[in-house]
Amino acid sequence: MVQSKKIFCDITRCIACRTCEIACAVEHSITKDLFLGMLERPRPKKRAFVFFLERDVSRSTACQHCEEPPCMEACMSGCISKDEKTGKVDIDRSRCVGCWMCIMVCPFGIISRDITDKNKALKCDLCPDRESPACVDACPTKTLAYESRDEFLKRIKQAKKVYAHSHKK
Amino acid sequence: MPTHIKNNIYAIIGNSAAGLAAIESIRRVDQSSRIVNISNQPQRPYSRCLLSYYLAGQYDKDILWIRPEDYYKKYDTEVLLNTAVTGADIKNKTLEISGKKKISFDKLLIATGASAKFLNIKGADKKGVFVLRTLEDADGILRMLPNVKNACILGGGLIGLRAAYALKRRGVAVHVIVKSEHIFSQMLDAEAADIMRQHLEVNGIEISTGLEAAEISGKDSVDGVILDDGNRLDCQLIIIGKGVAANLGIVKGQVKADMGILADERLETDRKDIYAAGDAAQAYDVLEEKNNVNQIWPAAIRQGKIAGLNMAGEEIKYEGSYGTNSLDFFDLAVMSFGVVKPKGGGFEELIALDAKRRLYRKIVVKGERIVGGVLINDVERHGILLHLALQKIDISDIKDILADEYFDFGKVIPLIKRQTNLFIRPEYKDTCVTYSPLY
């Protein structure tokens, strides 16, 4: 089976600029423009979040599109599905009733309540209109990558060889 | 996954969460055997949990159908709707269904669910007294609504208050009568219950606690309810929300049962090849640390899924169940899990309250592990806490920030590094591959 792609984050490169968060909200706006998007109502919302692990150590985190998604098992309207081929976990907004059972069981806390837009659950949809998610394309330090787990691990291993000195304690 | 040609007959009684999840997981590993699904419901599968949303008029009936019309064809399953199982011979592996027909099986899943508890008081048989458990109940209430100005809800739990909310949205004046001192006495602690009560009252739902209905008055139809303090309330509709009880009738005396059918680590009962899942089952509760019935949707799906895989010959261990729930009334969300009102020693409660913004977080800790919690309003991080509890993570390093408003998944990542083996999901590891803490 081909490993599905998702968004991976290299914590060593994240400078907490929050460009990913902005790019996410803009991509999910109607105008797709940062400034005009500010005027839209309901206001465009981000699905990616910069979290701090320690002071000055951060990472961008969105839906992990879990192999066995707890949200899908908890959803009582059956509106969450996982695509067998792409691995993407999706919420069908037309069937979401805003019961928040998905939020209740998400191990990463990255599903939001879209209370200004019809009370639906909101999370990363991997930008269906784009080849690569907006946060990944916008990241100025190439912290984010859209790839398979194996590709990510291989790339990180190589990078560690090149920059070994920067990882010494 | 290797597929062997099997020649089993799987009988599954019940076509709600647990039954459906079992059908789907069996078909993942066994495409050749027969599956027979029997349900006493006349309709195709629907979600009971959404009945209050339908009753509220927030959504059309269409929202209830949780599986497509061609579902049974897609999963190559024979379905017997509107069919009661009238007898079960566990020893000879046969079921008797309405019309005296017999069905033999190799493996049986009892996913018969639960029924609403009724109230045995004088007048409870009058027209206008309902429970809210089936589509027929909801439609019956809806048919009455044009003639209802006042409704009484008996019970201050999840179903009672969801019903109250639904009727209020339909423009009915609602009065909720609660026997306990607090609403949500199963799901919330007193502090959280009071915040929710105030919110419901501000939004026009009347609530009386410490009272019970003594008698329902009226000729053929309900015209009021007499309370145990002698007062009388006028109402044309009564909904009883006194919880549910597992449907054990079919197998009574043949499999071991307590409040539900006792299911082991594989969701098998004490009789070989007989499995139980969902509201009818009782399994080990990892947060309460005892056998417990947890009659909630997520537990039913998980149990159905694992029971199905084990029936089809896999060896999958069930992680155990737990209690958790999520509610939303007039845009105020509340969630809880596990132990919310600790009894006995050894517990620590981490509490943060901001009454003005109606923010409340309580986390119950025992032996440096989370065993329960309650969140109001800012609920987005509930799942993080729940999974820390389920995986029995030592949280002593982050205890001082757990109840903090700014707590998020980032603060969990150092724990994943330190207690790697306890974090089971591969996605946890994905999040910290590039994290090299300086200690």
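A polar contact is a pair of N or O atoms within 3.5 Å; within protein, one atom must be able to donate a hydrogen and the other to accept it. In this predicted model, 27 residue pairs, both at pLDDT 80 or more, are in polar contact between chain B and chain A. On the side of chain B that touches chain A, at least two residues each come from α7 (297-311), β22 (324-329), β23 (332-338), α8 (382-390), α9 (413-418) and α10 (426-430) of chain B. That side divides into 27 nonpolar, 12 polar and 12 charged residues.

Contacts join 51 residues of chain B to 51 residues of chain A. About 4,300 Å² is buried between the two chains, and carbon and sulfur atoms give 55% of this area. Eight salt bridges are found across the interface. One of them pairs the side chains of D430(B) and K6(A), at 2.8 Å from N to O.

The largest nonpolar core holds 157 residues. Within this core, L167(B), L237(B), L388(B) and L402(B) touch the most other members. Helix α1 (residues 17-29) of chain B gives the most to the core, eight residues. A separate core of 21 residues includes I103(B), F105(B), L108(B) and V255(B). Beyond four places in sequence, the contacts of L402(B) are L350(B), R361(B), I363(B), I370(B), L385(B), L388(B), I395(B) and F407(B).

Helix α4 (residues 135-144) of chain B is mostly covered, with eight of its 10 residues buried. Among the buried residues of α4(B) are L135(B), D137(B), D139(B), I141(B) and M144(B). Their cover includes α2 (51-55), β9 (129-131), α5 (158-169) and β16 (237-240) of chain B.

Technical notes. Residues numbered from 1 in each chain as written. Chains lettered and ligands numbered in written order. Predicted model: local features only at pLDDT ≥ 70, side-chain atom pairs only at ≥ 80, totals over all residues. Heavy atoms only, no water. Core = buried A, V, L, I, M, F, W, Y, C linked by side-chain atoms within 4.5 Å. Buried < 20%, exposed > 50% of the residue type's maximum accessible area, 1.4 Å probe, protein only. Helix = DSSP H or I, 4+ residues; strand = E, 2+ residues; numbered from the N terminus. Contact = heavy atoms within 4.5 Å. Buried area = accessible area lost by both parts, 1.4 Å probe. Salt bridge = Lys/Arg side-chain N within 4 Å of Asp/Glu carboxyl O. Polar contact = N/O pair within 3.5 Å; in protein donor to acceptor, adjacent residues only side chain to side chain. Nonpolar A, V, L, I, M, F, W, Y, C, P; charged D, E, K, R; others polar.
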